[in-house]
Amino acid sequence: MKFIFLSLMLLATPALAKDKASKPAERAIYHNNQCVTAMHDGNNERAIFECKTATEVSPSYVEAWNNLGLAYKFKGQMELATQALQKAISLDSKYASPYNHLGTIYYSLGRFDDAISEFKKAIKYNKQFSDAFYNMGLTYVAMGPKDPEKRKLAINALIQATTFNAEHPYAHHELAKLFQENGDTEKAIIRYKLALEINPQLNEAWVNLANLYTKTGETLKAQQALSHAMSNEPDSPEAHLNMGVSFLKEKNYAMALNEFDKVVAKMPANEKAYFNAGFAHYNLALMAKNNGNGGEANSHFAEAVKAYMSALKLKPNFTDAAFSVGYTYQSDGKTDEALKWYQKTLELDANHARTLFTLGNLYQQTGDKTKAAQYLCTLSKLKTVDIPLDREKLKVQITQLGGCPK
């Protein structure tokens, strides 16, 4: 579940102390503040006791009921939290905060429509309620991660959150992610940088920014961002994984392996680290082979296969890992082993374009035109493929092989 920003009320506000009778007693204010302090310290049992004491002393103390709801929420007692927040609303129906917190409870329970309804009420009574806009944005994302309309609503809500509170790092960060997913690189970079200016400890933003720079080919900037992340969290698997990927982009395969080894040491179940390590070993094997160092090449080929198989063991449907085992065997001159793994890949995904293309060309090289045409024809019928493919050249190639089997 994504982080939802929750503000805490420390003191009674003049707007709520409408007359002397409704104004909370000094003793109640003291216990309410002790409740807030306990929540900040993570002592939810103490927080509940202190807020209960405040409401016992002053039963109409709205902020104390609001904070009691939060304390129950932090302890995971959602039903009691809901009751306390609804009590606060019953005491002052125009008090925005409990609507916002009630919305976060509904969010955590997956009741997204109810959550949106509560956030709208919060905004109705506080039109510049940044946290409510932020929470609304997160909820729209959760409702439809791939739904263009929901994403648009999320972006609009998050922009409102940063308009009313430009110092909201999490709203900037969520906006950056949405802009990045929409392909708006410039806005994504701006928002990531804003988030990090406000909170340099926000490691996810450093890693996401680095990932963006890596994809745009700015590996130096990516590595600088990841260095910041590692400075905050030296053992961060995500930072080391992305640093390794940036080294792969630079074809610095030895340095990349060093980073992937750190990821595996910290997170042994990370299939991406094993897969990327396999790719690094594979390229080191090719380099050694080209330099006439057969022994070193064989060692790296073997390590590549081992790494790809580790990735496949962790993720049995990892078709690219299965294909890469076959391709490594083929590059190492072990054609029979390669063919077995290509068939295993097609068992996982009969339309795996890279496997169909590779098998077609491999059989053409060995003179088996029938099988070559069979695989290339299957490839030609795919409407979309995830590899660069010149379909006109593919048609010519199939024709030269005698056409598609009938």
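1. C377 is buried, at a relative accessible area of 3%; buried means under 20% relative accessible area, exposed over 50%, and partly exposed in between, with a 1.4 Å probe and protein chains only.

2. The model is predicted: local features need pLDDT of at least 70 and side-chain atom pairs count only at pLDDT 80 or more, while totals for chains, interfaces and linings use all residues. Residues are numbered from 1 along each chain as its sequence is written, and side-chain values use heavy atoms, with hydrogens and water left out.

3. C377 and C404 are joined by a disulfide, S to S 2.0 Å, a disulfide being a pair of cysteine sulfur atoms within 2.5 Å. The link of C377 and C404 is left-handed, with -105° about the S-S bond. Distant parts of the chain are linked here: C377 lies in helix α20 (residues 369-380) and C404 in the segment after α21 (391-400), 27 residues apart. Helices (H or I, at least four residues) and strands (E, at least two) are DSSP runs, numbered from the N terminus.

4. A disulfide also joins C35 to C51, S to S 2.1 Å. This link of C35 and C51 is left-handed, with -85° about the S-S bond. The pair connects distant parts of the chain, with C35 in helix α1 (residues 26-40) and C51 in helix α2 (residues 44-57), 16 residues apart. Both C35 and C51 are buried.

5. A search of the whole structure finds two disulfides. With bonded cysteines counted along the chain, the disulfides of the protein chain follow the pattern 1-2, 3-4.
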